[in-house]
Amino acid sequence: MANSHRRHSKLLDYSPPMVAQKSCTWSRVSSKTPIHSLSQCLRCAQPQARRLLSNNKITGLRNGSFLGLSLLEKLDLRNNVISTVQPGAFLGLGELKRLDLSNNRIGCLTSETFQGLPRLLRLNISGNIFSSLQPGVFDELPALKLVDFGTEFLTCDCRLRWLPSWARNHSLQLSEHTLCAYPSALHAQALGGLQEAQLRCEGALELHTHYLIPSRRQVVFQGDRLPFQCSASYLGNDTRIRWYHNRAPVDSDEQAGILLAESLIHDCTIITSELTLSHIGVGASGEWECSVSTVQGNASKKVEIVVLEISASYCPAERVANNRGDFRWPRTLAGITAYQSCLQYPFTSVPLSGGTPGTQASRLCDRAGRWEPGDYSHCLYTNDITRVLYTFVLMPINASNALTLAHQLRVYTAEAASFSDMMDVVYVAQMIQKFLGYVDQIKELVEDMVDMASNLMLVDEHLLWLAQREDKACSGIVGALERIGGAVLNPHAQHISVNSRNVALEAYLIKPHSYVGLTCTAFQRREAGVPGARPAGLGQNPSPELEPLADQQLRFRCTTGRPNVSLSSFHIKNSVALASIQLPPSLFSSLPASLAPPVSPDCTLQLLIFRNGRLFRSHGNTSRPGAVGPGRRRGVATPVIFAGTSGCGVGNLTEPVAISLRHWAEGAEPVAAWWSQEGPGGAGGWSSEGCQLRSSQPNVSSLHCQHLGNVAVLMELSAFPREVGASGAGLHPVVYPCTALLLLCLFSTIITYILNHSSIHVSRKGWHMLLNLCFHMAMTSAVFAGGITLTNYQMVCQAVGITLHYSSLSTLLWMGVKARVLHKELTWRAPPPQEGDSAPPAPRPMLRFYLIAGGIPLIICGITAAVNIHNYRDHSPYCWLVWRPSLGAFYIPVALILLITWIYFLCAGLHLRGPLAQSSKGVTSRVSLDQGEELRGSTRLRSSGPFLSDSGSLLATGSAGVVTPGPPEDGDGLYSPGVQLGALVTTHFLYLAMWACGALAVSQRWLPRVVCSCLYGVAASALGLFVFTHHCGGKYEDITLAGAEAAGGGCMKTGLWKSETTV
């Protein structure tokens, strides 16, 4: 009977519920069923209780839940919601060999959990929520042979390092289904196959659970209540949750409305902390952070809170265009951070620091309703060159690829003259400084570095200044070149010489005790066909499209000792000397004996020559205090020459260093100066301390310096280069009075014709053309003189550029329209009158002329500005179109207008010289182009008497309305068609001359600028006086005109006016 009972008890495996024995007939065990009643049910249902307890809703196991089941061998409690297993819950199951607790919510397991199971062989606790097991958790299971505890949170780190050795010592097998979930490096690997060394707590902290509620930005009003809840994985007693507000620790403060509750631990797996802001103030705005700290590291979650006041303000909508794209920031509430998507580049492979292509730019609207500077660092550059150079900076450099990268970068910098972004200079400077670390291994890098620095000297001065201010890029380039000699030279390579278009380098490895002095001269070949030509300098940039010839490069010629060297009589044929330097024989003997080394080491002596001072950008004044008057600036007027040593010291010189420098620019008050790295803001600056000017001639200056370094001559330059942020430089003084004279003449003509329009005998068509032509010429000259140099105010400068663009085109079109009218008037014949003809037709409307002369320029300017408003003034020294867009938007349309206008001029001139024109003078007169068009004048003059046509011919009308020739009473008072054409051509070419000279006056420097400014003044004055005298200065024989004296004014006389149509 006992054996039969034992056989039946082996079948007890609590799987899906079965019902069935007498008074214990459960179809399912309710989740609310008291756990102590399970043993009673099991005792009365032992023969058929195999599927009783799995797939139910049992939430916990109490102490002694299975007492009385001493013969039970299999227990299945899987697929329940058991979260608590009290110590001693399995007491009384002495014969149990298999226990399945999988797929529950058990988080806490200790050695007391499994008391009373001395014969348990297989244990399955997989699918629960614990992430680790405490040491000794299986100590109460001496017979255990197989265990499976794989969970979705199982963390295989140092906390499980005890398990492999314990399993080997107790012959325990870990199931192959026990897989690691964390860390990511061991994800999905079987725990039983890992070595103890792999179970370590290193690297970034990885939590299987970590969330913050709310997780997104919250916008609340002042006085609201806002709760936070932070939950994270509980990894042991060292796990803590701390709160921070704008990186400052947060503590509970009831008066401030901050309530911080104690952290709670759930099922030994999750730790939770709650923070409540009971009445939010404005100071609560910002970033709130929940930080989880353990011995392994920290992890945090953040959420932004924006607190709105009752009267919140807004930041206005704004458009920002920069080198990262064009961003339109919408109207945004104060305190809110706005986000804009970056411009997408689907085919790029450029990685971004902190983000990926296509991420967002952000910008904060502060509480005062003002936009703060935006963060565009996650966006790609819009310029192709800048993106490529940025790629170079991100590439890792080593000895194997440094030379290849240097060659490639050298190719890109060959087009440095077309750089349009200061970051182009910054990135190249960073690469040059990186290459410096490999020149000791790769000597070929020196030539690439010098060439890149030489190419950067072709970059626009504004960009170099910005790059220096942004990242001290220019100082970095100069510093890298100065250290090349010390890094490259050694006993096996004692000399190096590198030449380039704008920079030359010479370095020697010398022994100080045998040094006898050194004299070096920097020179270049003369330009072909131009003997004695001055080398190109700041105002004479070489063409970036042409590769400079080898014989145009800078180079050094050095000799030992102290020979006499004169820059004006340099002995090398077809060469011009730019600078010379004499280093005295006592250069190394000036070091005090106490500081001199016992054995004189080898010393590197290096020389550099820079064609100009473009790489020496200073923020402040360029001379010592008091050297120049207030508000006066000095600029580098000569090449910059450098001499320095490496590996040995040089004390106070007993003999000065003699330097001669050739001027490439003209100026006044020369000052000898050397470049000090301790300038304003650490960016360097010029100082005259220790250098004295010995002599200064128009082309050459000589100076002595008591120390080594970069030396140059500074002068008061007449066209000192403007820096971005400085006030815009004005035009030459002659421009303003001449422009004022032009405006006075033009507006006098306009006002006269407006006030006396009823008394002046001029056709309606001619009246409109004259006034519009004068107005647009006045607009062009006024905007040019008053705003062409306002580059510091972006919106104003863009408006000036658009206005100049429109008025220039419109003026030329009004001239073209007038030329067409004059040509048609000369070639058109009035048809003979026929009987029964009706009255002359009404004049055609003037709208067609306005659509041509005003509408076409508006369309062109509108399209140009709509495509990119920064086509007007983009790093230009004046407010005008960028070069490439100006080709299609201005110069090509102007060429077409001029071509058509000149064709009309030519045809009209040929017609005037033809026989038909000569024979027609006494036969018929010219009439208005538009039949029926009346001249402006009094009613009495319209009905009878002489009057003028469009071309100014004096006509008479008969009683029948037939036009007949009416010669003037005074021949001098008439303008023939030839005179009309000549006046229009004169006005046309005077305007073109004025426009061209004005353009050259702002784009050229030095003497060409002065000459062009004077020519502009001459052309403007001549144009104004010619227009005024031609249209208002003539007076004819007096005639009787009713009310003429009352209506007359300005240049109006009591006489007959000349035709208005002549311009």
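Colleague: Why is Ile-659 called buried?
Modeller: Its relative accessible area is 4%, and buried means under 20% (exposed is over 50%, partly exposed in between, with a 1.4 Å probe and protein chains only). Ile-659 is therefore buried. Bear in mind that this is a predicted model, where local features need pLDDT of at least 70, side-chain atom pairs count only at pLDDT 80 or more, and totals for chains, interfaces and linings use all residues. Residues are numbered from 1 along each chain as its sequence is written, and side-chain values use heavy atoms, leaving out hydrogens and water.

Colleague: What does Ile-659 touch, not counting residues up to four places away in sequence?
Modeller: Contact means heavy atoms within 4.5 Å. By that rule Ile-659 touches Ser-580, Ile-581, Ile-641, Ser-701, Ser-702, Leu-703 and Val-711.

Colleague: In which strand does Ile-659 lie?
Modeller: Ile-659 lies in β32, residues 657-662. Strands here are DSSP runs of E with at least two residues, helices are runs of H or I with at least four, and both are numbered from the N terminus.

Colleague: How do you know that β32 and β36 pair?
Modeller: Two strands pair if DSSP finds at least two bridges between them. β32 and β36 (residues 700-705) have six bridges, in the antiparallel sense. Ser-660, for example, stands opposite Ser-702 in β36. Both strands belong to an open sheet of six, ordered β27-β26-β28-β32-β36-β35.

Colleague: What makes β27 and β35 the edge strands?
Modeller: Each of them, β27 (555-560) and β35 (691-696), pairs on one side only.

Colleague: Which strand do eight bridges join to β10?
Modeller: That is β15 (residues 270-277), running antiparallel to β10; there the bridge partner of Leu-226 is Leu-277. Four bridges also join β10 to β8 (residues 210-213), again antiparallel, and His-210 has Ala-232 as its bridge partner in β10.
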